[in-house]
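Work through the exercises below with the structure open, and try each task before reading its solution.

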Amino acid sequence: MNHYIITGASRGLGKALAEALLEEDEQNCVIGVSRHSTITHERYRHQPLDFSDIAGVEHNLHKVFGPLEDAQKLVLVNNAGVMGEIGYIGNSQNEHYEYVFDVNVIVPAMFMNLFLQSYQHRQNCQKMIVNISSGAGQKPKDGWAAYCASKAALDMLSQTAQLEQEKLGTGVQVFSVAPGIIDTEMQEQIREASVEQFSSVQQFRDYKTQGALASPEEAAQKIIRLMKEPQIARGVVCSVRDF
Ligand SMILES: NC(=O)c1ccc[n+]([C@@H]2O[C@H](COP(=O)([O-])OP(=O)(O)OC[C@H]3O[C@@H](n4cnc5c(N)ncnc54)[C@H](OP(=O)(O)O)[C@@H]3O)[C@@H](O)[C@H]2O)c1
C-alpha cells in the first residue's frame, strides 16, 4: 500500500490532495491530521491534533506514525499552515509569533523527526517528505513577517534534512514546495486585510476578481506530479510554477 500522512487535510489544498489520492489509486491510504475531520472514506483515517497546543502534539504524535508494515510508499505532506494576524511588527500581539511558528515550523519539524525516526531505514519502500512552503519564504511581504519567516525556516529545515538523508544514504527525498496562489480560506483572510496592514492587498483582491487563483484541485494535481516525478523539481526548495 501507499501511505500518505497529510496535515491540514480538512480543507483547502490538503483536502484536495487527500481526496485526489484516495480517488486515483486503490492502493493509496491517507492519514489526515488537523483539528477537524471532513473526509469519510474507507482508506482514510483522521487523527485530531491542534498544532498550536505543543504539549498535546507531543503527547499524541506517536498515534500518527504506526508500523505501516505493508508500505511500498511512505509520504509525509506537511501542509497545515496559518497566516496568523496580518500587520506590521511593532503593531502585533506577541502571541501571534508563537502561534505561527508552532503551526508552520515547530510541529512540521516534529512530524519530520518522527517520520524519519519511524521509517528512514525502511527497505524496498519509496520515502518522501513534501513540505508545503510559499514564495513568501523567499521574498518579504509587509504585514506577513511571521508567515514569511516561518516558510523560510521550513525551506531550510527541508534542505538540511535532505542533506542529512543523503549522508545517511536512506534514499528519503525531501522537498519544500511553493504551491502557487490557491483559492482557499487563507486567501480570503488575505483579501480582508486593510492597506495599512498589508500594502499589496489590492493585488490579491484583483487575483480573485480576475480568476487568477488556482483551484485547490489544480494545485493538488501539481503536488501529486511532484510525488510521482520528483525529478521535475529544480531542487529541494521548488515551486509548482517550474513544473
Ligand atoms: N492558499 C494559498 O494561496 C497558499 C499560497 C502559498 C502557500 N500556501 C500554503 O499551503 C498550505 C495549505 O494552505 P491552504 O490555503 O489550503 O489553507 P487553509 O484552507 O486555510 O487550510 C489550512 C489547513 O491547515 C489546518 N490547520 C490550521 N491550523 C491548524 C492547527 N492549529 N492545528 C492543526 N491543523 C491546523 C486546517 O485544519 P483545521 O482547521 O481542521 O485544523 C486546514 O486543513 C499552507 O501551508 C499554506 O501556507 C497556500
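The model is predicted, so local features need pLDDT of at least 70 and side-chain atom pairs count only at pLDDT 80 or more, while totals for chains, interfaces and linings use all residues. Residues are numbered from 1 along each chain as its sequence is written, and side-chain values use heavy atoms, with hydrogens and water left out.

**Exercise 1.** Find which residues come nearest to the ligand, and describe the shell around the ligand.

*Solution.* Start with the shell, where a residue is near if one of its heavy atoms lies within 4 Å of the molecule. There are 31 residues around the ligand, and Ser10, His36, Asn79, Tyr147 and Thr184 come nearest. Next, sort the shell by residue class: 13 are nonpolar, 13 polar and five charged. Here Ala, Val, Leu, Ile, Met, Phe, Trp, Tyr, Cys and Pro count as nonpolar, Asp, Glu, Lys and Arg as charged, and the others, Gly among them, as polar. Finally, look at the helices (DSSP runs of H or I, at least four residues; strands are runs of E, at least two; both are numbered from the N terminus). Helix 5 gives the most to the shell, with three residues.

**Exercise 2.** Is Thr7 buried or exposed, and which backbone atom does its side chain reach? Treat Thr209 likewise.

*Solution.* Apply the cut-offs: buried is under 20% relative accessible area, exposed over 50%, and partly exposed in between (1.4 Å probe, protein chains only). Thr7, in strand 1 (residues 2–7), has a relative accessible area of 1% and is therefore buried. The side chain of Thr7 reaches the backbone nitrogen of Asn79 at 2.8 Å. Thr209, in helix 6 (residues 201–209), counts as exposed because its relative accessibility is 67%. A polar atom of the Thr209 side chain lies 3.1 Å from the backbone oxygen of Asp206.

Notes. A polar contact is a pair of N or O atoms within 3.5 Å; within protein, one must be able to donate a hydrogen and the other to accept it, and residues adjacent in sequence count only if both atoms are side-chain atoms.
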